[in-house]
Amino acid sequence: MTENTTENTENFHAPFIVGDRIYLRPLEPGQDYHLYATWRNDEEIRRWFSVFPSSDARGKERLDNLYKSFTHILFGVALKSDNRLIGTVGLKDINHLNQSAEFYVTIGDRSVWGKGYGTEATKLMVRYGFMELNLNRIQTQDMEENIGGWRADEKAGFKYEGTLREAIPRFGKYHDVRVYSLLRREFVENM
C-alpha cells in the first residue's frame with residue numbers, strides 16, 4: 001500500500017495519513033468523544049479491549065491525556081467515501097531509546113466489520129511508526145479468541161512470537177494472548 005500524495009484531500013477532515021479507502025486523522029473535541037465512549041462501552045468491543053465504563057466526559061479526559069503524552073499516538077480512522085469515523089488506531093508505550101512501541105486498532109463501527117479496514121489502518125500506522133517515528137520494532141497483542149484481530153495483524157505482516165497464557169481476565173475466565181511483532185527491516189523488505 002502506498003500513500004497517495006496526489007489525491008485531492010480538501011474535503012477530508014484534517015487528514016494526516018491517506019490510504020486507499022481510509023485516512024487517519026486527529027480526533028476532534030465535541031465531534032468524536034461520544035463515538036469513542038460509545039465504542040468502548042459496546043459489549044462486543046469491550047470483550048477485547050477495556051472493561052472500564054466510559055462516558056463522554058471520561059472519554060474526552062482520556063483522549064486529552066493521550067494527546068499530551070509523547071509515548072502515545074492516536075488517530076481516528078475515517079472513510080474517504082463519506083468522512084465517517086469508523087475506529088481508532090494508535091501506538092502506545094513508545095520507547096524512543098529502544099525504538100519500539102505497541103500497536104492497537106479498534107474498528108468501532110460494526111457495519112464495516114470484516115471489510116479489511118482494520119488491516120488497512122494497521123498498514124498505514126505501521127508505515128508511520130517505521131518511516132516517520134524511526135521505530136525498529138512494533139508489537140501487538142490479541143486475545144486468542146479475537147481471530148479477526150490477529151488475522152488482520154498477520155495480513156499486515158506481523159509475525160507470531162508466542163502466547164502469554166491466561167494473561168487477561170474477562171467475563172469470569174482467563175484468556176490467552178497472542179503476541180506479534182514486526183521489525184523495520186521486515187517492513188522495508190516488503191514495501
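Q: Is Val188 buried, exposed or partly exposed?
A: This is a predicted model in which local features need pLDDT of at least 70, side-chain atom pairs count only at pLDDT 80 or more, and totals for chains, interfaces and linings use all residues. Residues are numbered from 1 along each chain as its sequence is written, and side-chain values use heavy atoms, with hydrogens and water left out. Buried means under 20% relative accessible area and exposed over 50%, with partly exposed in between (1.4 Å probe, protein chains only). The relative accessible area of Val188 is 40%, so Val188 is partly exposed.

Q: Which helix holds Val188?
A: Helices (H or I, at least four residues) and strands (E, at least two) are DSSP runs, numbered from the N terminus. The protein chain has six helices and eight strands, and its pattern along the sequence is β-β-α-α-α-β-β-β-α-β-α-β-β-α. Val188 sits within residues 184-189, which form helix α6.

Q: Which strands are the edge strands of the open sheet?
A: The open sheet has eight strands with mixed pairing, in the order β1-β2-β3-β4-β5-β6-β8-β7. Two strands pair if DSSP finds at least two bridges between them. Pairing on one side only marks the edge strands, β1 (17-18) and β7 (159-170).

Q: Which residue in β3 is the bridge partner of Arg25?
A: Strand β2 covers residues 22-25 and strand β3 residues 73-79, and they pair in the antiparallel sense over four bridges. In β3, Arg25 has as its bridge partner Gly76.

Q: What percentage of the residues in the protein chain is buried?
A: Let's finish with the whole chain. The protein chain contains 191 residues, and the buried share is 47%.
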